[in-house]
Amino acid sequence: MNEDKLISMIKEKLVEREKKQVAIAYQHNCQIALPPSVTVFYEYRNINLHQVSIRLIKDLYQMKETPWVEWLLTGISYQILFSLELNEFILPFVPWKMLTEWPVVFKMSNQRVYAFQTNMLTRQLIIGLPNNSFLVILKQQKLTQEAIELIKKNNITVIERVNETCIWEES
C-alpha cells in the first residue's frame with residue numbers, strides 16, 4: 001500500500017469518527033458498570049454517558065483515581081466530546097466550575113445545560129441557546145429585559161442557584 005492511499009484511509013476514518021456517536025450507561029439497575037475499553041475512542045468522537053450518578057460527578061471533580069474517572073480523562077486526552085446526561089435532582093450536585101469551565105457537556109432530557117460566568121446575562125448570550133435548553137444562573141447574576149423575553153420566547157428553562165457551591169462542596 002502506498003503512502004497516499006494510507007493517508008487517504010486515515011483521513012476517511014477520522015472524518016467518519018467525527019460524525020459518529022454512541023450512548024454508554026454508567027450504571028445498570030443501580031449497579032455501576034465497568035467502563036468500556038478505550039478502543040471506543042478510536043471509533044467515536046461523541047460519547048453520551050447516561051444514568052450518571054452523583055458519585056461520578058464528585059469523583060471526576062476531585063480527580064479520584066477510579067476506573068470511570070481514568071476512562072473519562074483518557075477520553076478527554078483523545079479529544080472526545082462527552083455529554084453527561086443528568087436528571088433535575090443531580091444538577092444541584094454539579095459544581096459551578098464544572099458547568100462553566102470543564103470540557104464536558106451536561107444535559108437534561110437530551111437538552112444541553114448552559115451556564116455563564118458573566119454578572120449580566122444579555123440577549124447576545126441567550127440568542128445562541130437552542131430552544132428548550134436549560135440555563136443555570138446564580139442568584140447574583142442579572143438578566144436584561146431582552147434576555148428575559150428571549151428566554152420566554154425560546155422556552156428556555158432557567159434554574160437558579162443560590163451560589164457557586166454545590167450541595168457537597170464546602171461553603
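**View 1. L81 and the residues it touches.** In this predicted model, L81 sits in strand β5. Setting aside anything up to four places away in sequence, L81 touches R45, N46 and I47. Take I47: it is 34 residues from L81 along the chain, yet their C-alpha atoms are 6.3 Å apart in space. Is L81 buried or exposed, or something in between? With a relative accessibility of 41%, L81 counts as partly exposed, because that label covers the range between 20% and 50%.

**View 2. N48, over in strand β4.** Here we move to N48, a residue of β4. Which residues does N48 meet once its neighbours within four places in sequence are left out? The contacts are V22, A23, I24, S83, E85 and N110. L81 from the previous view is 33 residues away from N48 in sequence, with 8.4 Å between the two C-alpha atoms. N48 has a relative accessible area of 18%, so it counts as buried, the limit being under 20%.

**View 3. The largest pocket.** About 170 Å³ of space lies in this one. Its lining is made up of Q21, V22, N46, I47, N48, L81, F82, S83, P103, V105, K107 and N110. Which elements give two or more residues to that lining? They are β1 (21-25), β4 (46-50), β5 (81-86) and β6 (104-108).

**View 4. β5 next to β6.** These two strands run parallel, and five bridges join them. How much of β6 is covered? Mostly covered is the answer, with four of its five residues buried.

**View 5. The largest nonpolar core, seen around F106.** This core has 33 residues, and those with the most contacts inside it are I57, W71, F82, L86, L99 and F106. Helix α4 (residues 67-77) gives the most to this core, namely four residues. Zooming in on F106, and skipping its neighbours within four places in sequence, the contacts are I57, L84, L86, V94, M98, L99, Q111, R112 and V113. Another core, this one of 11 residues, lies apart from the largest one; F116, L135, A147 and I156 are among its members.

**View 6. Two loop residues with positive phi.** Most residues other than glycine have a negative phi. N29, which is not a glycine, has a positive phi near 50°. Where is N29? Its place is the loop between β2 (27-28) and β3 (31-32). N29 is exposed, with a relative accessible area of 74%. S109 is another one to check: phi is positive, about 50°, and again the residue is not a glycine. S109 is found in the loop between β6 and β7 (111-115). At 58% relative accessibility, S109 counts as exposed, because the cut-off is over 50%.

**View 7. Stepping back to the whole protein.** Seven helices and 11 strands are found here. The C-alpha trace spans about 65 × 35 × 25 Å along its principal axes. Of the 171 residues, 37% are buried. What share of contacts between residues at least 6 apart in sequence join residues at least 24 apart? The figure is 54%.

How values were computed:
Residues numbered from 1 in each chain as written. Predicted model: local features only at pLDDT ≥ 70, side-chain atom pairs only at ≥ 80, totals over all residues. Heavy atoms only, no water. 1 Å grid on protein atoms, 1.4 Å probe; cavity = no way out; pocket = protein on both sides within 12 Å on 5 of 7 lines; lining within 4 Å. Points joined across faces, edges and corners; volume = space filled by probe spheres on them. Core = buried A, V, L, I, M, F, W, Y, C linked by side-chain atoms within 4.5 Å. Buried < 20%, exposed > 50% of the residue type's maximum accessible area, 1.4 Å probe, protein only. Contact = heavy atoms within 4.5 Å. Pairing = 2+ DSSP bridges.
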